[in-house]
Amino acid sequence: EHTRTPYLQIGEIVVVCLEDWQYIFEEEHEGLPDAFKKPLVWARPGKERQDSVYNGLQAARDTALLVAIHDSARPLIDIQDARNCMRDGATVGAAVLGVPVKPTIKEVNEDGTVAKTLVRSKLWEVQTPQCIKPELLKEGFAYVKENDLEVTDDVSVIEAIKKPVLITKGSYTNIKVTTPDDMSVAIKFLGEAADSTVSAAAPASSVA
């Protein structure tokens with residue numbers, strides 16, 4: 001539900017899902033205020049993530065200036081972060097939300113021994129949305145398909161054709177909710193955000 005945060009810059013929403021799940025998105029869309037409703041377009045998932053994104057891209061309108069690919073499993077996206085990523089994608093050609101990693105990351109050998117410790121200051125955890133100009137994404141997909149490459153995120157398609165990708169700094173609250181523990185954290189974040197909104201809206205009190 002919360003992933004539907006209204007992006008006023010969006011012209012249409014391409015939903016990539018199984019037909020059996022389509023009614024869920026239709027019901028949520030119907031509940032939106034009219035000012036925030038955008039046309040819904042449907043595409044079906046593929047075998048891998050890159051296949052699903054390709055199918056969604058094929059369904060998008062030809063006049064789109066930018067595509068913002070977002071995981072529905074990230075319901076806590078901040079609208080300003082999304083806008084910043086769209087801005088950077090429109091400027092550079094491709095941009096992705098990300099945050100600097102906090103823990104130490106080690107590369108490990110097949111036998112479980114440490115190969116090396118990676119330089120933490122150079123590592124970022126990428127999120128979504130990943131915002132890319134359509135013509136650039138189409139060029140990247142053509143290259144990936146021609147060379148039978150497998151990529152794990154959308155901007156990797158752009159990296160494959162040696163074009164620049166900008167990291168737009170996002171928020172640590174933009175977590176991917178895939179386990180019950182993740183859901184507990186997400187609920188906590190939502191509660192804190194609601195409390196903050198209530199506090200900001202409350203009238204200031206004075207003490208005589």
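View 1. Local features are given at pLDDT of at least 70 and side-chain atom pairs at pLDDT 80 or more, whereas totals for chains, interfaces and linings use all residues of the predicted model. Residues are numbered from 1 along each chain as its sequence is written, and side-chain values use heavy atoms, with hydrogens and water left out.

**View 2. Helix H3 spans residues 79-92**. Helices are DSSP runs of H or I with at least four residues, strands are runs of E with at least two, and both are numbered from the N terminus. The 14 residues of H3 reach 20 Å from the first C-alpha to the last, close to the 20 Å expected (1.5 Å times one less than the number of residues). At the start of the helix, a side-chain oxygen of Asp 78 comes within 3.0 Å of the backbone nitrogen of Gln 80.

**View 3. Several residues of H3 are buried**. Buried means under 20% relative accessible area, with a 1.4 Å probe and protein chains only. The buried residues are Asp 81, Ala 82, Asn 84, Cys 85, Met 86, Asp 88 and Gly 89. Their cover includes strands E3 (67-69), E4 (94-100), E7 (124-132) and E8 (166-169); contact means heavy atoms within 4.5 Å.

**View 4. Helix H2 contributes to the lining of the largest cavity**. Helix H2 (residues 49-59) gives the most to this lining, with 3 residues. By class, the lining has 4 nonpolar, 1 polar and 3 charged residues; Ala, Val, Leu, Ile, Met, Phe, Trp, Tyr, Cys and Pro count as nonpolar, Asp, Glu, Lys and Arg as charged, and the others, Gly among them, as polar.

Methods. Buried means under 20% relative accessible area, exposed over 50%, partly exposed in between (1.4 Å probe, protein chains only). A polar contact is a pair of N or O atoms within 3.5 Å; within protein, one must be able to donate a hydrogen and the other to accept it, and residues adjacent in sequence count only if both atoms are side-chain atoms.
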